Amino acid sequence: MKKKCLISLMMAAAMAGSLVACGKGGNTDSGTATTAAAGGDNGSTTAAETVAAAEGQTVMKWSIWDKDLTAYYQPLIEEFEKQNPDLKIEMVDLGSSDYQTVLGTQLTGSGSDFDIVTIKDVPGYTTLVNKGVLEPLDEYIAADGVDLGAFKGLTDQIQVDGKLYELPFRSDFWVVYYNKDVFDAAGVAYPNNDMTFEDYDALARQLTVDTPGQEVYGAHYHTWRSAVQLFGILDGKNTILDGTYDFLKPYYEMVLAEQEDGVCQDYATLKTSSLHYSGAFSQGNVAMMNMGTWFISTMIEKIKSGEYTDCANWGIAKYPHAEGVEPGSTLATITALSIPANAPHKEDAWKFVKFVCGEEGAEILAATGNIPALMNDDIAGMISAMEGFPEDADSTEALQTASLYLEMPVSNKSSEIEIVLNEAHDNIMTGNSTIDEGIADMNEKVGAILAQ
C-alpha cells in the first residue's frame with residue numbers, strides 16, 4: 001500500500017475538534033451559501049483558471065456542498081495536485097439543502113462545465129442518469145483494472161441497465177452502539193461481532209430493568225423505518241423495492257414484542273416527543289442502539305466537550321444478522337463521484353475519481369474522521385486510532401464489513417415507494433394496524449406502483 005496519505009494522520013487531531021456531526025446518510029443540511037451562483041455562467045474564466053493557465057495547468061471544476069464545513073475536501077485536493085502537478089481542482093459549492101436540484105439544473109443547462117460532480121444520494125443519482133447527463137464509467141474502470149469487489153457489493157446496486165455512472169468514496173453503515181457502563185452494572189458481557197437476531201433480542205431482554213424511575217432499556221429503535229424494516233434485507237434475498245414484504249414479519253414481531261415488554265421505548269411516545277436518537281442514547285439508560293457510523297463523530301465530540309457524561313464509556317459491534325448470514329452484513333448509505341457527459345476533461349477527471357475513491361483517498365477520509373467506501377484493516381486502524389474512539393479491539397473489528405446493502409436501491413420509483421413504506425411502518429408500530437395488515441397494505445400499494 002502507498003503510504004503517502006498517512007501524513008494526513010497529523011491533521012486528524014487538529015481537525016477532530018472542527019468535525020461537524022453528520023446527519024443520516026452523512027449529509028449536513030446547513031444551507032451554506034454557494035461560492036458560485038446557481039444560475040451563474042460557469043463558462044467564464046475565473047482568477048484561479050487564469051493563474052493555472054499561466055502555469056500550464058488544466059483546471060477541473062468539482063461540484064461539492066458545505067466547503068467550509070467538510071474536513072476532507074482540501075486534503076484530497078492537495079494530495080491529488082501534488083501527484084498531478086499539471087492538474088488543478090477548483091471547488092464549486094452549490095450549497096447543501098438543495099444540492100441535487102441545483103446540480104441537476106446546472107448539468108441540464110448550456111453553461112455547465114463541471115469535470116467532476118459529487119452525488120449526494122441514490123434518488124438524485126437515478127434522476128441524473130435518467131436525464132442522460134452522466135458519463136458511464138465502465139470503460140475507465142476496465143481499462144485501469146479497478147477492483148469493484150473492494151466496495152463490498154455497493155457498485156452492483158448502483159448499476160443502471162448494467163452500467164455504472166458513479167463510484168462511491170464515502171459510505172456510512174449501520175452498527176450497534178452500546179453503553180459499557182450499563183453492561184458492567186448488570187454483570188453482562190459486551191455484545192460480540194457475531195450476534196444473530198436471536199442473540200441480540202435475548203441480550204436486550206437480559207439488560208432491561210423495568211423498575212419505575214430506574215428503567216434501563218435493552219435496545220432502542222429510532223422512528224425511521226430503516227431501524228426495523230431493513231433488518232429484513234441483510235440476507236441478500238430481498239430488497240426494499242421488491243413489492244412483496246412478508247419477509248419483514250419476524251422483525252416486526254421481535255421489535256413489537258420488545259416494545260410490549262418494555263425492552264425498548266414506545267414508538268408512539270418517541271414520535272410524539274420527537275426524541276432524537278442521540279438524546280435517547282446520551283441519557284445513559286439505553287444498553288444498545290442500532291444506528292449509522294455517522295454517529296461516531298458526534299459521540300467523540302459530545303463526550304470531549306463534556307455534553308455527554310452518561311454514555312462516555314461506549315463501544316460498537318457489528319450489526320446482528322440472520323442465521324447463516326455472514327457477520328458484518330449491514331446497511332449503507334453512500335456519497336459518490338461522477339463525470340458529467342459533457343465534462344471538458346474526462347480523462348483527467350477520471351484520474352481524480354479513481355484517486356478519491358481508491359485506497360489513497362480512503363486513507364485521507366479515515367484520517368479526517370470519515371468512513372470511506374473502501375475499507376481494509378489499515379484504514380479501519382486509522383479510524384480507530386482517532387482520539388475518543390473506543391479502545392477495545394472488538395470496536396475496531398466492527399468497522400470491517402462483509403456485504404453492504406443500500407438503504408434504498410436504485411429505482412425511478414423509490415420516492416413513491418418510500419412514502420408507502422413509511423406510512424405502513426408508522427401504522428404497524430403505533431398499533432393502528434396489525435403486522436399482517438400493514439404488510440398487506442405495502443404489498444398492495446407498492447405492487448400497484450411497480451405495475452405502472
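A salt bridge is a side-chain nitrogen of Lys or Arg within 4 Å of a carboxyl oxygen of Asp or Glu. Side chains of opposite charge can pair when their charged atoms come close. In this predicted model, 14 salt bridges are present. One of them joins Lys 61 to Asp 113, with 3.5 Å between the closest N and O atoms. Lys 61 belongs to strand E1 (residues 58-64), while Asp 113 lies in the loop between helix H4 (99-108) and strand E3 (116-119), so that the pair, 52 residues apart, links distant parts of the chain. Helices (H or I, at least four residues) and strands (E, at least two) are DSSP runs, numbered from the N terminus.

Residues are numbered from 1 along each chain as its sequence is written, and side-chain values use heavy atoms, with hydrogens and water left out. Because the model is predicted, local features need pLDDT of at least 70 and side-chain atom pairs count only at pLDDT 80 or more, whereas totals for chains, interfaces and linings use all residues.

The pLDDT (the predictor's confidence in each residue, from 0 to 100) has a mean of 88 over the protein chain, and 88% of the residues reach 70 or more. Residues 1-45 have a pLDDT below 50, and this stretch has 100 contacts in the model beyond near neighbours in sequence. Contact means heavy atoms within 4.5 Å.

Two packed helices are described by the angle between their axes and the distance between the axes. Axes are lines fitted to C-alpha atoms, for helices over the stretch in contact, and angles run from 0 to 180 degrees between N-to-C directions. Helix H8 (residues 197-207) packs against H10 at about 5 degrees, with the axes 11 Å apart. H8 and H10 are therefore roughly parallel (angles under 35 degrees count as roughly parallel, over 145 as roughly antiparallel, 65 to 115 as roughly perpendicular and the rest as oblique). Among the H8 residues that meet H10 are Phe 197 and Tyr 200.

Helix H10 (residues 249-260) also packs against helix H19 (residues 435-451), where the axes come within 10 Å and cross at roughly 140 degrees. H10 and H19 are therefore oblique to each other. Lys 249, Tyr 252, Glu 253 and Leu 256 of H10 meet Ile 435, Asp 436 and Ile 439 of H19.

Most residues other than glycine have a negative phi. Lys 152, which is not a glycine, has a positive phi of about 55 degrees and is found in the loop between helix H6 (138-144) and strand E4 (159-160). Lys 152 and Met 375 are 223 residues apart in sequence, yet their C-alpha atoms are 8.9 Å apart in space. Asp 161 likewise has a positive phi, near 55 degrees, in the loop between E4 and strand E5 (163-164).
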